[in-house]
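Hi everyone, thanks for coming. Please bring up the sequence and the model on your screens, and we'll walk through a few spots together.

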Amino acid sequence: MKKITFLILTLVVFGVAASFAAKKQLRVMSDREYWASQAYRIAAPVLEPMSRGMLSTEMQIEVSPSFDSRDKRVTYMECFGRLMAGIAPWLSLPDDDTPEGKERRKVKEWALKAYAEAVNPDSKDYLLWRKEGQPLVDAAYIAESLIRGFDALWKPLDETTKARYIDEFTRLRRVEPPYTNWLLFAAEIESFLAKAGAPYDSYRVNGAVRKCEEWYVGDGWYSDGQGTFAFDYYSSYVFHAMYLETLATMRDVRGYGWKINYKDFYARALKRCQKFSIILERFISPEGTFPVFGRSIPYRLAAMQPLAWVAWQKTLPKDLSNGQVRNALTKVMHRMWDAPGNFNEKGFLTIGFCGRQPEVADWYTNNGSLYITSEVLLPLGLPADDPFWTDPAEDITQEKAWGGKPFPKDHIWE
């Protein structure tokens, strides 16, 4: 009996020690190491099988309880496009032999093969380019990824694959976008075609530009079409980043459109995004939570895309520092991604916000849609020695405000 008791106590002690060691290791992981580990965790289950043309065979999909009558194979296109839009800047960094660099190189190799599979009609993973209207949306995220990673992800593709992309993107003009954020999906695709040196439709670009100007409602917010303003995160999910990237791409390729100075429009849109990023940072609580409201709740951390985008572009407004924004976004990542239930047994995202919560799904939601959460990872495109990563962490606004510390007051930006 004494031997058994001693054995049990020994196992308990070793178990506690191991648990403590694991927690200690987690605590000393740097912010960048944590971000990169999450990028790999999200990307690997998608890109490794897709590099073999087997994503459609191996992905464990989940659709909304109220999913509409669309072909469920749209899940794979949504998954690939949205994932790549978020991690393209990370994969654009030069290769290195650090632990992160080795994983990044592996993901990039998978991604380049996956891009080829996506447009190969003989592949099982040939995406749903030519059916229904939804492909316009997720082709735009693929185009966005190729704009963000043009040198690292587009240029290395073989000429056959490039020609196939240009053909598929051009064929999507069959989809007439409704007067909503969908106009920006068409514009993003056309701006990529312009960047790639292919024929493009400037009307689909400039029509979206004019509508975005009409739909801006002030203080960083866009209305999703004309009519009643909806208080949701579509200014985060689509408007700010896609509008700015369309304008920047056209500015660099063309300079001017018909009565549109892309440079001036970009400067104005950037100020709006900077204001909105201030709002987003103030949404984050000291505990790493932010308000949950509106449609597309399962898009998770895509709500923080504009804040991540201005950090990646090194255009943070003066009221926000690198250490403050990194601290804010890292708090939210830990609060969300460390919770159980975000991934299924095969490693794919589940429908939910913080864990698996299928009841928050919309009629159009599938678990491929949810890979838009990777948009929060844009600052991984900054090298490890950039001030965003090396500056000391600073209190976020709500910590300052509720801790009795000085903090900048807020005001409307005209």
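Which residues of H13 are buried? They are Gln305, Pro306, Leu307, Ala308, Trp309, Val310, Ala311 and Trp312. Before I go on, a word on the model: it is predicted, so local features need pLDDT of at least 70 and side-chain atom pairs count only at pLDDT 80 or more, while totals for chains, interfaces and linings use all residues. Residues are numbered from 1 along each chain as its sequence is written, and side-chain values use heavy atoms, leaving out hydrogens and water.

Back to helix H13, residues 305-312. Helices here are DSSP runs of H or I with at least four residues, numbered from the N terminus. Buried means under 20% relative accessible area, exposed means over 50%, and partly exposed is in between, using a 1.4 Å probe and protein chains only. Eight of the eight residues of H13 are buried, so this helix is largely enclosed by the rest of the structure. What do they pack against? The partners are helices H4 (74-91), H6 (135-148), H11 (234-253), H12 (262-283), H14 (322-337) and H15 (387-390). After H13 comes Lys314, with a positive phi near 60°.

Now find Asn367, in the loop between H14 and H15. Is Asn367 buried or exposed? It counts as buried, because its relative accessibility is 0%. A polar atom of the Asn367 side chain lies 3.2 Å from the backbone oxygen of Gln60, and a polar atom of that side chain lies 3.0 Å from the backbone oxygen of Leu349. Contact means heavy atoms within 4.5 Å. Setting aside neighbours within four places in sequence, Asn367 has contacts that include Met59, Ile61, Thr75 and Phe348.

Next stop, Thr397, which sits in helix H16, residues 397-402. Thr397 is buried too, at 4% relative accessible area. Its side chain makes a polar contact (a pair of N or O atoms within 3.5 Å; within protein, one must be able to donate a hydrogen and the other to accept it, and residues adjacent in sequence count only if both atoms are side-chain atoms) with the side chain of Gln324, at 3.2 Å. Beyond four places in sequence, Thr397 is in contact with Glu281, Arg282, Gln324 and Phe407.

Note on methods:
Helices (H or I, at least four residues) and strands (E, at least two) are DSSP runs, numbered from the N terminus.
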